[in-house]
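Please view the sequence and the model together while reading.

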Amino acid sequence: MLYFILPYISLVVLVVGVLYRIGLWLAAGKGPLGLYLGLHRLVVKPRQEGYLSAVGHILARMFTYYTILKASYRRDYATWLGVALFHWGIFLLIAFHLHLWLPQLTVPESLMFIMGTTVGSVTLAAGVYLLVRRVNIQRVYSVTINYLDDYVAVSWVILIVTLGLALRLTAPPSLFNEAVKWALGLTSFKYVPPPSNPLFYAHVLAVELFMVYIPFAKMIHPFSMPVNPALYGRFEDIEEVRRRVMDKLGW
Amino acid sequence: MVNVKVRYRGEGKDILEASPRYSEWVKEFSGGSGHVKARVERDEKTLSTIEMSKLMRINPNATERERKLYFVRRIGELARSSRAFRNYMESCTHCGFCIDKCQMWLATRDPNNSPVGRADLVRNIYRRMRRLTYGLIDKLSDEKELESIIDSVDLDKIWTYYYQCTECRRCAYFCPFGIDQAEVTRSIRQIFVEMGMMPPFIAKTMECVYKTGNNMCITRDAALNVIDFVVNEISEQTGKRMEGVVDKDKADVLYIPSSTDFFTNIGTLKGAIAIMTELGLNWTMDSQSLEVANFGLFEDEYHLRRFGDNIVNAALRRKAKVVVFGECGHGWRAFKNYVVPRLAEHGIEGISITQLTAWAIKKGKLRFSKKVDAVVTYHDPCNLVRAGDLVEEPRLILKSTVKEFREREHNRERTLCCGAGGGLLLDELMPLRVWAGWPSVYDAYRTGAQYMVAPCSIDKAQFPVVIEYHKVPLKFRGVSDFVYAALYGVDIDAV
């Protein structure tokens, strides 16, 4: 049940939940007369002249976290590094796991071991740093961040990475092939028993529950960016305006 | 004492400690800024003139409990009708990056006076209404549940801190997700307006717009008198006879000034008249629309559109082809993002005087007799860079008109707010204002410039006060002032 039915439920909840959530944001619309309280546009970045530049801007925020590095009295290199390593670590770990569905891609076990443990360790360290930073923010700024969700989200990822790392460090080489059979069984809707390993059970279960958790909580944050009116939307092309004004003034 | 040190690289002191008035800050803000409150307009005549009865959606005699209930219900409604509001209520991860980017926090070090602290005053209510699912379950609390929520709602605290936000959008620029606290502030102030609440300064200013079409209650005759005085002074200073045209039947260009240019910022008005004249434009002003400012931006949608439509109607009256917008920050945001699309419906263009001037300089249509012998730094008004796409034009003008232009550290999108935007130019907020403007003044002072310049009327009202309070050897001027001085070789201090 936990390793055959729950994976499908988790995936459906994740995909449908995220899409539904984005749908709710889009359905909220602008407001009366199609305005944001009287304004046509809310874009915060100057010279955003077209939708392509808006997409570039959003992708840059999603994948480079460049605003953290912008100087305001100082540049917060440590936090930027923590955020970049944590998020890129997760992206890489997800990419590595796609190997379960691509057994024809032969990678030496020693290389898989080095890559998995290295990226896993770095991601774990960055996650712990961000959790400590989160606790520390309250003390430094005397703010009250009392949403359980703030801590659950990052702690859960840390738990998943810890279990995965422990599995990678302790599992016998044969586990990968068993995991591949189980994963391919899932895609062909055939039950194949998962590898008999307590860490594997715990790791997969933690991932499944996390997938269910995402749409309900602020883990939804990456999906909010494309529907944030401060980031998308366009200003007019200033050069085009200049040409029109010049024509009208006869310049 | 400050709880977190914010300092420039190489400086040992916190930016607040760098002020000679720091001991006064310690007395005023060591316990936070919750004691500095905007008042609420009670004058029935003023409220009636600005049509508050039309906008109010709750009985003025409602009990505190009923008012809270209305406030909470409207938060739920806004989340369904405003994509921006809903997004910002649901996507914050409390990373805290916005805190030390907010100049109101920099000025007070009060956690409630930071973007995340301010938003959480409302987000805490929203979260409970959404049954802790942050919106996945799109069902609002029922009446019984709302009753239990409203006990925790502190309307006075929300009013206080939502009138300590300048809507500068610095948080939105730095926030990794682009969460725009200014839009949350505008949403909450919209609800307060529906509850009949508005600060007296803003209400009285709006009353003037209703009566005369401008913020300063300038009648047509008074405007003509000031213009007569200005063109005479121009004539004395330059030997040139110019005309300050008002209410011409048909003109290619309608110039919309800031009404404060008729009182305190005469140099900017001189600059505008000189630019129009030198460019040989067929231009006019409209006596019923002598106002670039739009205080509706700070309060509610109805007033924003009503004041914006004043300009559209003036353009139609004067059969203008192009509307040129004078020096104003927040007004430019409303103009660019509401008025320009409305003008476009009638085939009329809308541009800023800084754009017109910069384009004219590039085309060689404006020639300066002598660069002003001054060292100048530029304060980017928040609403020009983070909401209005006007970044390089003022720089081009200043570099063409002054001997030395120095960029300050916090420039362009990273600019620090003046501390009085968002309608905070209130007398009762003066203890807050003098410190909220300090980070920007100190940033300008560190360049070693003699003049701090910005094309914004609120800046022109706020910065001289801040500069004087902190005893900084800086002078403050508008951009067009320097254009005028450079065109005719006039001493900038005499402009």
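## Basis of the model

This is a predicted model, in which local features need pLDDT of at least 70 and side-chain atom pairs count only at pLDDT 80 or more, while totals for chains, interfaces and linings use all residues. Residues are numbered from 1 along each chain as its sequence is written, and chains are lettered from A and ligands numbered from 1 in the order in which they are written.

## Domains of chain B

Chain B is assigned domain 1 (1-25), domain 2 (57-195), domain 3 (211-360) and domain 4 (368-494); such bounds come from an automatic or database domain assignment. Between domain 2 of chain B and domain 4 of chain B, the C-alpha centres are 32 Å apart. Their contact involves 15 residues from domain 2 of chain B and 16 residues from domain 4 of chain B, where two residues are in contact if their C-beta atoms, placed from the backbone, lie within 7 Å.

On the side of domain 2 of chain B that touches domain 4 of chain B, the elements giving two or more residues are helix H6 (103-108) and helix H10 (170-174) of chain B. Helices (H or I, at least four residues) and strands (E, at least two) are DSSP runs, numbered from the N terminus. H6(B) gives the most to this side, with five residues. By class, this side of domain 2 of chain B has seven nonpolar, five polar and three charged residues. Here Ala, Val, Leu, Ile, Met, Phe, Trp, Tyr, Cys and Pro count as nonpolar, Asp, Glu, Lys and Arg as charged, and the others, Gly among them, as polar.

## A four-stranded sheet

Chain B holds an open sheet of four strands in the order E2-E1-E3-E4, with parallel pairing; two strands pair if DSSP finds at least two bridges between them. Its edge strands, each pairing on one side only, are strand E2 (283-284) and strand E4 (349-352) of chain B. Strand E1 (residues 253-256) of chain B is joined by four bridges to strand E3 (residues 322-325) of chain B, and the two run parallel. Ile256(B) has Phe325(B) in E3(B) as its bridge partner. Four bridges also join E3(B) to E4(B), and Phe325(B) stands opposite Ser352(B) in E4(B).

In a regular strand the side chains alternate between the two faces of the sheet. E4(B) is covered on both faces, with Glu349(B) and Ile351(B) buried on one side and Gly350(B) and Ser352(B) buried on the other. A residue is buried if 20 or more other C-beta atoms lie within 10 Å of its own, exposed if 12 or fewer, and partly exposed in between, with C-beta atoms placed from the backbone. Helix H18 (residues 353-362) of chain B lies across E3 and E4 of chain B and runs at about 80 degrees to E4(B).

## Contact between the chains

In the contact between the chains, 66 residues of chain B meet 60 residues of chain A. H5(B) provides the largest share of the chain B side, five residues. That side divides into 26 nonpolar, 17 polar and 23 charged residues.

H1(A) packs against H5(B) at an angle of about 145 degrees, with the axes 7 Å apart. Axes are lines fitted to C-alpha atoms, for helices over the stretch in contact, and angles run from 0 to 180 degrees between N-to-C directions. Trp25(A), Leu26(A) and Ala28(A) of H1(A) meet Arg83(B), Arg86(B) and Asn87(B) of H5(B).

## Nonpolar cores

The largest nonpolar core has 186 residues, and Val323(B) and Phe482(B) have the most contacts inside it. Such a core is a set of buried Ala, Val, Leu, Ile, Met, Phe, Trp, Tyr and Cys residues joined through C-beta atoms within 7 Å. Residues that Phe482(B) touches include Val372(B), Leu398(B) and Ile492(B). A second, separate core of 14 residues includes Ala153(A) and Phe200(A).

## Single residues

Val13(A) is found in helix H1 (residues 6-28) of chain A and is in contact with residues including Met211(A). The C-alpha atoms of Val13(A) and Met211(A) are separated by 7.4 Å, although the two are 198 residues apart along the chain. Val13(A) is partly exposed because 19 other C-beta atoms lie within 10 Å.

Arg169(B) is not a glycine, yet its phi is positive, near 70 degrees. Arg169(B) is buried, with 28 other C-beta atoms within 10 Å. Lys471(B) likewise has a positive phi, of about 55 degrees, but Lys471(B) counts as exposed because it has 9 C-beta neighbours inside 10 Å.

Conventions. Lists of a residue's contacts leave out its neighbours within four places in sequence.
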